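Subject: Structure handover

Hello,

Here is the structure you were expecting. Notes on its salt bridges and one of its helices follow below it.

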Amino acid sequence: DIHSSHAYLLKLGELKHFDKMWAHLDEMKGSGCQVKGTAFCILIKAYGASRMPSMAVDAFKRMGEYNVQAEIHVYTTLLSVFFLSQLVDEARLCYSRILQEGLCLDVSAFSTLIRGFGMASYIRDAQSCFNMMVNEGYEPDVSTCNGLIEGFFQINAVKDAMSTFSDIQKRGLKPNVSTFNIIIKAYCRLGRLEEAIHTFASMRKICLPNQSTFNILLQGLLSSEDISKAINFFRLMENEGWVDARSYIYLCNGLRQAKQTQEMLNLLKSLFAKHGFTNIEVCNALIHNLSLVGRIEEAEEIFKGMVSVDATIPSYAIMIKSHCSLENIAKAEKLLSELKMQGGKPSAFCYTPIISSLLKANKPVEAMKYLEEMMNCGLGADAIVYDLLLKALCRQAEVADALKICNIVIENRFSIGIATLFDLMKCLSKLGRVNEANDFFRVMYKRECLPKVKAISQAMSVIDLMSPTF
C-alpha cells in the first residue's frame, strides 16, 4: 500500500540509494499506484540531507512526469532544503513562486520561512512572514515564535528577541524548553553568563530543563575565565543525573582549551574512583584523555578492566584510534579482531582509524580489505576516506580496486578532489584505457561528484568535443 511505499522510500533515502528511489517511483507509476506529493517530499528531503540541493530541485521539476501537483507541503520541503544549504536567495525565489501560484501558506510553511530567514540573519523577511501569518488569521505557535527569537539573536538584537519572548506569554502561550535553550545559548555566545544563569534558574518555574539545557550552559561557563564555575556546575549536573556522553566531551574539550588538562584528569579520576567501571562514559572519557596526553599505558590498564566487566563498542573505538595515532597499527588490528571474536559488531569508528593509518603507511590494498569488510557489515565511511583510498590505489596502479571505489563514489554521489580525479585519469590513461577514463569523468561530472570549478567544466567540454558521438 501507499504507506509501505513511503516507508520504503524513507529507508532508501537514509541509505542514499537515490537511483532505487526513482526506480520505486517508476514501479508505483507503472503498477497504477498513484504517486503522491509525500513521496516527492521524502525524495527532496533525502537529497537535502545529503547536501545535494540541485538534485532536490531536479526532483521537484520532475513531479509532472508522475502527475503530481506541487502543493504547499512540497514547496515547504524544498524551502527547508534551501535553508539547510544556506541558499537564501533560492529560498526567496521559491517563496515568490508560492505567492505567484496563489498557494495558501499553512502554519508549517510560515514556520519554515520564519526560522529559515531568521537563522540566515534576514530578519526583515522573517518579520514580514510573521506579520503576514498573523494578518491571515493564523495564530503563531511557540515553535514559530522561537524561530523569530532565534533570528533576532542571530543579529544580536537582544531587546527585540526578549520582546518577542514577552509576546509569547501575552498571547497566552507557554514558552517551552526550546525557547529557553535558544535564550541561554544566545546569552552564552554573547558572554552574558549572569543572564544565562538567571534564565536557567527562572525557567524551572515554567518548564523543566532538558539535557541540552545543561550542556548549553556548561559550554558557556567553560568559555569564561573562571573555570571553577564550570567545574562546580558539572558536579551539580553529575549529582542530579544530567550528564551524558556529550557533557564529558564538552567538559574535556573546554578544560583542554583552558590549559587545565591536569585539572580535567583529576576530575575524571575522582569520578572513576566514585563510580568504577559502572559508569562507562567516565571510563571512556578517562581512557580517551589519558591517550591524548601520551599516557597510553594507564589507558590500557583501565581498558583491560573495562573489558573484564563489559567494554562497549565506543570503548574499543577509542583505544583503536589511540593506537593508530601512535602508529601502533598491529595493536589496533588486534583489538578489532578481539572485538569480532567476542561477537561484537564494530562501528565505522573502529575501522576508519585503521584504514587511515594504513593509507598513511602507503598500504592501500590492506586498507581496501578493511573497507570491503565494513561494507559487508552494512557500514560506510565518509567521502574523505574514499577520496584518500582512491588516490592511493591509483598511484599504485591498483586499477581493479580503484574502479570499485569509483563506482561507490558515483552511486553515493560522494565528492572527490581534483588531485584524486587526475590521478585516476592518469592511471587509466597510462594503461591505454582512455575511453574508460573519459566515461568515468563524464559520469562523475553529471552526478556532481566533482568540484564545481572552471577547470573541471573546461575538461568536460574537451571530452565532449573529442567524443566520437559528439
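Arg442 is buried, because its relative accessibility of 16% falls under the 20% cut-off. Please keep in mind that the model is predicted.

The partner of Arg442 is Asp439: their side chains form a salt bridge, with N and O 3.4 Å apart. Asp439 has a relative accessibility of 41% and counts as partly exposed. Both residues belong to helix α26 (residues 434–446), where three residues, about one turn of the helix, separate them. As background, residues three or four places apart on an α-helix point the same way, because the helix has 3.6 residues a turn.

A network also turned up: Lys269, Arg295 and Glu298 are joined by salt bridges that share partners.

In total, the structure holds 20 salt bridges. Two further pairs are described here.

Glu194 and Lys229 form a salt bridge in which the closest N and O atoms are 3.4 Å apart. This pair ties together parts 35 residues apart in sequence, because Glu194 sits in helix α12 (residues 193–203) and Lys229 in helix α14 (residues 227–240). Glu194 is exposed, at 53% relative accessible area, whereas Lys229 is partly exposed, at 40%.

Lys360 and Glu327 also meet through their side chains in a salt bridge, at 4.0 Å from N to O. Here too distant parts of the chain are linked. Lys360 is in helix α21 (residues 348–360), and Glu327 is in the loop between α19 (313–325) and α20 (329–341), 33 residues apart. Both Lys360 and Glu327 are exposed.

Now to helix α24.

This helix runs over residues 399–412 and has 14 residues. From its first C-alpha to its last it reaches 20 Å, close to the 20 Å expected at 1.5 Å a residue. How many of the 14 residues of α24 are buried? Ten are, so by the under-20% cut-off the helix is mostly covered.

Regards

Note on methods. Residues numbered from 1 in each chain as written. Predicted model: local features only at pLDDT ≥ 70, side-chain atom pairs only at ≥ 80, totals over all residues. Heavy atoms only, no water. Helix = DSSP H or I, 4+ residues; strand = E, 2+ residues; numbered from the N terminus. Buried < 20%, exposed > 50% of the residue type's maximum accessible area, 1.4 Å probe, protein only. Expected span 1.5 Å × (residues − 1).
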